[in-house]
Amino acid sequence: MANIQVNKTAHPFDKPRLEALLNRRFFYAPAYEIYGGVAGLYDYGPPGSSLQANIISEWRKHFIIEDHMLELDTTIMTPAPVFETSGHVARFADWMVKDSKTGDVLRADHLVKNVIEARLAGDQEARGLATQPQADDADKKKKKKADKAKKAPVRLSDEEVAEYERILATLDNFSGPELGELCRKYKITNPDTDNEVTEPQEFNLMFASSIGPTGQHPGYLRPETAQSHFLNFSRLLEFNNGRVPFASAQIGRSFRNEISPRAGLLRVREFTMAEIEHYVDPDDKRHEKFHEVRDVALRLLDRNVQSSGRTDVTSMTIGEAVAKGIVANETLGYFLARIYQFLVKIGINPERLRFRQHMSNEMAHYATDCWDAEIHNSTGWTECVGCADRAAYDLTVHSKKTGHPLVVRQALKEPIVTEKEVAEFNKKTFGKTFGKDSAAIQNIVNNLDEPALLKLKGELAQGAATITTSEGKEFKLTPDLLTIERKTFKQSIREYTPNVIEPSFGLGRILYTLLEHSFWSREQDVERGVLSLPAVVAPTKVLIVPLSAKEEFAPLVREVSSKLRKAGVFSRVDDSNTSIGKRYARNDELGTPFGVTLDFASVQNRTMTLRERDTTGQLIGPIDEVIAVVTDLVQGNIDWAEACKKLPAYDGVQAVE
């Protein structure tokens with residue numbers, strides 16, 4: 001009974017059924033629902049909050065603790081000059097179109113994608129290739145109603161199919177005007193009204209605000225947590241004893257005024273991010289722990305494949321990808337592998353996870369290379385983690401704007417000795433001779449390169465030289481005003497602006513795709529939904545089920561609950577008066593991996609049964625032994641197969657005298 005084989009694919013994935021479960025069990029719900037709600041804003045209920053907290057806890061262990069990162073918690077409200085300097089005010093935008101008659105706003109790239117995907121699906125149906133999921137009577141009625149409203153499927157030519165597939169493969173590389181051209185060329189209209197749409201316009205995604213009672217300081221709600229890392233770089237570097245490489249990390253809220261949020265948690269206006277900024281020497285992007293992940297195999301979709309109109313993934317080790325130059329450097333590669341390990345650990349299906357490289361047009365203005373961890377779900381492939389090499393962009397622009405040096409000063413083991421030509425000005429006579437033009441002339445001379453200085457030195461040796469300013473003014477230089485000599489310099493400090501590798505996680509998207517990947521229905525009863533969440537992230541680890549509400553059970557329930565709590569295992573007691581089967585079914589929907597049952601034999605013999613969620617297999621043993629086994633299961637020390645060797649299978653009957 002303990003080793004029952006489970007068929008999780010007996011029923012096709014049913015999104016409405018999952019959504020009904022998540023709503024019924026209050027994983028999350030639209031915010032301000034009784035006021036009508038606001039698109040793109042959601043509240044998490046008890047199981048959703050616990051699931052997110054457990055994902056965050058595992059993220060902190062996997063990244064911050066494992067790699068000794070410096071954790072930050074910075075403000076959400078940000079003065080406007082910060083985002084003006086970073087480029088967000090000018091560039092943090094998506095392209096939108098409007099319905100020409102109703103004025104409804106749509107995101108241009110999503111409109112093109114959805115319409116083309118619908119046409120390709122219609123073509124499959126017209127060719128008789130589309131597989132229809134089995135439906136119960138209620139679903140069949142809904143389907144008939146939907147079918148009446150739906151247009152008849154249209155078969156496309158092979159050339160049209162190939163062209164549409166090419167567009168989808170390269171869609172992220174299209175500019176706004178090019179998206180508009182696609183809408184005209186392929187007669188893409190608003191699917192809700194069939195009306196034409198306007199030309200795409202840029203829409204900045206940041207929420208504008210103001211700081212202070214009179215609004216004298218314009219500001220924004222941050223669209224990412226990253227900028228505060230960079231502004232605190234000097235303090236972080238000092239905290240790290242001036243040493244690079246190191247990483248800072250932050251988990252916090254961010255805000256993006258999405259154009260048309262319609263995909264639940266996948267596209268929201270307020271969300272939790274987890275971001276890492278790893279600072280590295282631009283001349284040495286090796287990673288000291290790269291050897292630990294070198295053999296991790298990833299499914300990669302590089303920019304060259306996409307540019308050719310295909311979406312074929314190639315599986316290769318990250319070591320091979322870095323060696324071939326597909327992934328730019330070891331540090332970027334290290335984080336791609338660690339991102340993969342984290343997502344798989346919390347329950348993402350590795351077969352539905354790929355890393356897609358950004359193409360040239362979609363690359364963020366600051367990035368030199370960028371890969372998205374995309375997770376497949378019912379809406380297609382969704383970016384859930386971005387991992388970019390931001391080069392030195394952010395630190396450079398903020399330093400230039402504020403005058404605060406955001407640099408590393410590194411003591412050299414061996415001083416660098418160089419010789420170069422240096423101009424020496426006779427300040428007393430120079431100022432008298434050229435007056436207010438002195439500074440401009442000195443600036444020109446100081447900016448001359450080595451060959452130009454040597455030429456000037458030769459001319460001065462002949463008696464005089466002429467300098468021309470940008471305004472066209474000419475000035476005569478003589479040896480009494482200026483001398484050029486070769487000098488030796490000894491450099492013992494190297495000063496540089498570090499580059500930044502940034503993994504950025506959208507935790508809401510990860511949470512939702514995890515729920516999709518975890519959901520299935522019992523083979524014998526489609527109504528019995530299960531969330532196969534790994535114990536490491538499951539909201540509740542163990543359900544305690546007393547068979548009776550009689551007073552004699554109370555001390556045992558308290559004892560088991562206390563012992564699990566002391567072992568660090570989060571448990572809940574379900575002492576409702578429903579049947580034990582219904583109580584377990586309810587908690588299967590909540591993703592609770594294990595359950596322990598206390599019955600009359602427990603009171604008499606101090607034995608307890610242990611149930612595993614997916615197989616429904618049960619084991620039995622003394623209470624303390626069962627607690628030890630379930631603790632090992634929850635902590636990941638053993639799996640269910642090993643648990644079955646430690647405790648005997650339960651045959652459904654306990655001996656009671």
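**Reading contacts and exposure in a predicted model**

Q: Are C384 and C387 buried or exposed?

A: Burial is read from relative accessible area: under 20% is buried, over 50% is exposed, and anything in between is partly exposed (1.4 Å probe, protein chains only). C384 has 3% and is buried. C387 is buried too, at 1%.

Q: How many salt bridges are there?

A: The test is a side-chain nitrogen of Lys or Arg within 4 Å of a carboxyl oxygen of Asp or Glu. That rule gives 51 salt bridges here. One of them joins R25 and E589, with N to O at 2.7 Å. R25 sits in the loop between α1 (15-24) and β1, and E589 in helix α21, so this pair ties together parts 564 residues apart in sequence. As for the labels, helices (H or I, at least four residues) and strands (E, at least two) are DSSP runs numbered from the N terminus. R25 is partly exposed at 23% relative accessibility, whereas E589 is buried at 7%.

Q: Where do K289 and D67 lie in the chain?

A: Their side chains form a salt bridge at 2.7 Å, N to O. K289 is in the loop between β11 (270-280) and α11 (290-293), and D67 is in the loop between α2 (46-65) and β3 (70-72), so the two are distant parts of the chain, 222 residues apart. Both residues are buried.

Q: Which residue forms a salt bridge with D574?

A: R586 does, the closest N and O atoms being 2.7 Å apart. D574 lies in the loop between β25 (571-573) and α21, R586 in α21 itself, so the bridge ties together parts 12 residues apart in sequence. D574 is buried at 8%; R586, at 26%, is partly exposed.

Q: Which residues of helix α21 are buried?

A: In this helix (residues 580-589), they are R583, Y584, N587, D588 and E589. After α21 comes G591, with a positive phi near 85 degrees.

Q: Which residues form a nonpolar patch on the surface?

A: Patches are built from residues with over 30% relative accessible area and no salt bridge; like charges are joined within 9 Å, and nonpolar side chains (Val, Leu, Ile, Met, Phe, Trp, Tyr) within 5 Å. The areas come from the Shrake-Rupley method with a 1.4 Å probe, and for residues only the protein chains shown count as cover. Here Y32, I34, Y35 and V38 form the patch, with about 590 Å² of accessible area together. Y35 is in the loop between β1 (28-30) and β2 (42-44) and is exposed at 77%. G36 lies in the loop between β1 and β2 and is exposed at 62%.

Note on methods: Residues numbered from 1 in each chain as written. Predicted model: local features only at pLDDT ≥ 70, side-chain atom pairs only at ≥ 80, totals over all residues. Heavy atoms only, no water.
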